[in-house]
Amino acid sequence: MLWKRIKWFWKSGFFAISTLVCVSGCNQMEKAESAAPEPASELQMMQKDGNEESEDIINICLPIYDNAPGGELEIDLETIRRIVNELGKNGYVAVDSKNQINMTNAKLAVRFCEMTEDKEDAELTVIEFGYQWGFAKYDLQANEGKIDVVRSYYKYENGKIQRKDIASYQAEHWNYTKDGYLMFSGIWFSEQQYVLTLSDAEEYTAWRINPLDETCRELNRKYLLPIGYERNNMFLTDWSEEDFGALNFYDMYDIFYPQITGEQVPYSADENLGVGAVYHIPREEFESIIMTYFNIDRKTLQSKTIYEPEDCTYEYKPRGFYEVEYPEYPYPEVVGFTENEDGTITLTVHVVFPYKGDSSVYTHEVVVRLLEEEGIQYVSNRIIPSEDNGEETWHMPRLTQEAWEEIYGDT
């Protein structure tokens, strides 16, 4: 799984993987014997032609980076928005890596996708800004329905922007979806990557081309993204305040505890993978976390968990080795909303999964209730039925009591 983590760090901008790009078919002996210079490779030509463009992009971005607030690692959304919009004014196609800002000059991207679908020759350069003081420049060339990618990564450090990494590959899969996403993936050779994992590096890219209402994005950042689809089934199953169904409140505790307390859950799995850790959380502590976000009474909550009335505690088993999920997750995207008469808001959400090249694995509706002082309660979730709905292949539910005892023994 190491390559997956490396790829994620690259995508998040924490560091760039060094790559080795083969630009010649000749070996060292052939080079020594040949007196005539070799013709420049396609990649070398693209690099040469793109130097002036790269310098222009750097000159536009540098003053904004120099005056940007933010910490040592992360840069704020509004600074990214300023950079993207400034590049757009200068004719560039630009987007942020989290698809929180409308793509600039999106018509150029739409035309590229249409020409690629028609197997016409086409070119497109897209600048993708990460949130860790850097950006990636993608040079795409389409020919007969295939897309060749040259991706260069630039980092802002010590008042300068310098290229740190470059890779080239042919997109193994690409898709211009009905929701207006360009999604593609590919594999390239990285010397460091191969030394560590004996495998090539992989990349999965997803750009929203069609614009999205800013209110939808704001609602998504507030109410969907903090939960997402990782290690919980809140948005994977139907439930409501009248019937909480299969909603797992232990997963909810894991998610909401850090948001409320500002600290990590103190009940961790045993270091010995063969030992199942069991804790008993005081009733007041467990209920205060859950009841902050759900309108649920004590009796119902106890029926959905393992409650010990003798000492007024909730039994809690942290996720262990047998409940580890696949490290590739989709993310939610609110595409519509309705303000209801009872003060709730119904959010229409697409499940966007770059790893599968799917901009809508399925669609679900989430109802939230806004409280005073920016409080919120989650009222319900409903999966919208469709023949096109995909499976939640990334999710691993918590072990049942029977499965837990079979693996760890009856404690």
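Visitor: How many helices and strands does the protein chain have?
Guide: This is a predicted model, in which local features need pLDDT of at least 70 and side-chain atom pairs count only at pLDDT 80 or more, while totals for chains, interfaces and linings use all residues. Residues are numbered from 1 along each chain as its sequence is written, and side-chain values use heavy atoms, with hydrogens and water left out. Helices (H or I, at least four residues) and strands (E, at least two) are DSSP runs, numbered from the N terminus. For the protein chain, that gives 12 helices and 16 strands.

Visitor: What is the bridge partner of Thr-338 in β14?
Guide: Strand β14 spans residues 344-352 and runs antiparallel to β13, with eight bridges joining the two. In β14, Thr-338 has as its bridge partner Thr-346.

Visitor: Where is Arg-231, and what is its phi?
Guide: Happy to point it out: Arg-231 sits in the loop between α8 (214-224) and β9. Most residues other than glycine have a negative phi. Arg-231 is not a glycine, yet its phi is positive, at about 50 degrees.

Visitor: Is Cys-312 buried or exposed, or in between?
Guide: Cys-312 lies in the loop between β11 (307-308) and β12 (313-316), and its phi is positive, about 55 degrees. Buried means under 20% relative accessible area and exposed over 50%, with partly exposed in between (1.4 Å probe, protein chains only). Cys-312 has a relative accessible area of 32%, so it counts as partly exposed.

Visitor: How far apart in space are Pro-266 and Pro-318?
Guide: Pro-266 lies in the loop between α9 (249-261) and β10 (279-282), and is partly exposed at 47% relative accessibility. In sequence, Pro-266 and Pro-318 are 52 residues apart. In space, C-alpha to C-alpha, they are separated by 10.0 Å.

Visitor: What share of the residues in the protein chain is buried?
Guide: The protein chain has 411 residues. Of these, the buried share is 47%.

Methods. Pairing = 2+ DSSP bridges.
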